[in-house]
Amino acid sequence: MSLRSTLAAAAAVLSLALPVAASAAELKVAYVDLQRVLLEVDDGKAAKGRLQKWLEDRQKEIDKEQETLRKEKETLDKQASAMSEATRTQKATELQKKVMELAQKYERSRAEAANKERQEMEPIVNRIDQVIASIAERDGLGMVLDKRDSGIVFALSQYDISNEVVRSYNNSAKKTAPVAKDAPVKK
């Protein structure tokens with residue numbers, strides 16, 4: 001390669017690299033801990049409370065059925081020696097069927113819980129995304145990363161906008177919340 005073509009190639013590379021380097025220097029990046037934000041915004045706390053209550057109610061129901069089955073098994077064990085082989089086998093089979101039904105109910109309950117959580121959290125996550133976008137636009141951020149899913153191992157806390165997202169979300173929720181009207185007075 002001649003000196004002239006080498007210089008031309010170097011000039012071309014530099015002309016391409018300088019704008020990229022300049023724009024990279026201007027790129028502002030921040031990160032947010034979405035999981036923490038989801039648990040700290042008012043709507044997220046309320047949704048978590050509703051889900052927790054629902055889960056506790058389901059667990060109580062399952063625990064009650066499990067205790068009933070445990071008592072049935074104890075009764076069967078006590079009375080087994082007085083029963084005929086056919087009756088004992090039939091009762092044991094019925095009990096085993098009830099145990100399987102309870103296990104299936106538990107699994108259905110878990111799937112229903114996951115679905116319910118997704119339904120509760122999806123609109124909140126969408127609003128959080130909108131709040132993040134508005135903060136990024138306002139502050140001229142070129143990129144906002146999720147702390148947990150982005151592979152960030154370390155970042156200075158000055159680039160964490162999680163608290164700002166929580167404040168903005170809660171403030172915007174208060175502004176958009178319908179104002180309760182005075183209840184009519186009974187005469």
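Two residues are in contact when they have heavy atoms within 4.5 Å of each other. Welcome to this structure, which is a predicted model: local features need pLDDT of at least 70, side-chain atom pairs count only at pLDDT 80 or more, and totals for chains, interfaces and linings use all residues. Residues are numbered from 1 along each chain as its sequence is written, and side-chain values use heavy atoms, with hydrogens and water left out.

**The chain as a whole**

- The protein chain holds five helices and two strands, where helices (H or I, at least four residues) and strands (E, at least two) are DSSP runs numbered from the N terminus.
- Of the 187 residues in the protein chain, 20% are buried; buried means under 20% relative accessible area, exposed means over 50%, and partly exposed lies in between (1.4 Å probe, protein chains only).
- Among contacts with a separation of 6 or more, 87% join residues 24 or more positions apart.

- Helix α3 covers residues 42-79, which is 38 residues. From first C-alpha to last, α3 reaches 55 Å, close to the 56 Å expected at 1.5 Å a residue; the expected span is 1.5 Å times one less than the number of residues.
- The buried residues of α3 are G44, A47, L51, W54, I62, L69 and L76, and they pack against α2 (34-40) and α4 (85-139).
- The axes of α3 and α4 come within 10 Å and cross at roughly 180°. Axes here are lines fitted to C-alpha atoms, for helices over the stretch in contact, and angles run from 0 to 180 degrees between N-to-C directions.
- The two helices α3 and α4 are therefore roughly antiparallel to each other, a label for angles over 145 degrees.
- Sorted by class, the contact of α3 with α4 has 15 nonpolar, four polar and 16 charged residues. Ala, Val, Leu, Ile, Met, Phe, Trp, Tyr, Cys and Pro count as nonpolar, Asp, Glu, Lys and Arg as charged, and the others, Gly among them, as polar.

**Residues to find around α3 and α4**

- M83 sits in the loop between α3 and α4 and is buried, with a relative accessible area of 17%. Not counting residues up to four places away in sequence, M83 touches L76, R88 and K91.
- K116 belongs to helix α4 and is partly exposed, at 28% relative accessible area.
- K116 and W54 are 62 residues apart in sequence, with their C-alpha atoms 9.4 Å apart in space. Beyond residues up to four places away in sequence, K116 touches L51 and W54.

**Helix α5 and residue E40**

- Helix α5 (residues 162-176) has 15 residues and reaches 21 Å from its first C-alpha to its last, close to the expected 21 Å.
- S162, V165, V166, S168, Y169, N170 and A173 are the buried residues of α5, and their cover includes β1 (29-32), α2, α3 and α4.
- E40 has its place in helix α2 and counts as partly exposed, at 31% relative accessibility.
- Leaving aside neighbours within four places in sequence, E40 is in contact with K45, V166 and N170.
- E40 and N163 are 123 residues apart along the chain, and 9.1 Å separates their C-alpha atoms.

Conventions. Angles under 35 degrees count as roughly parallel, over 145 as roughly antiparallel, 65 to 115 as roughly perpendicular and the rest as oblique.
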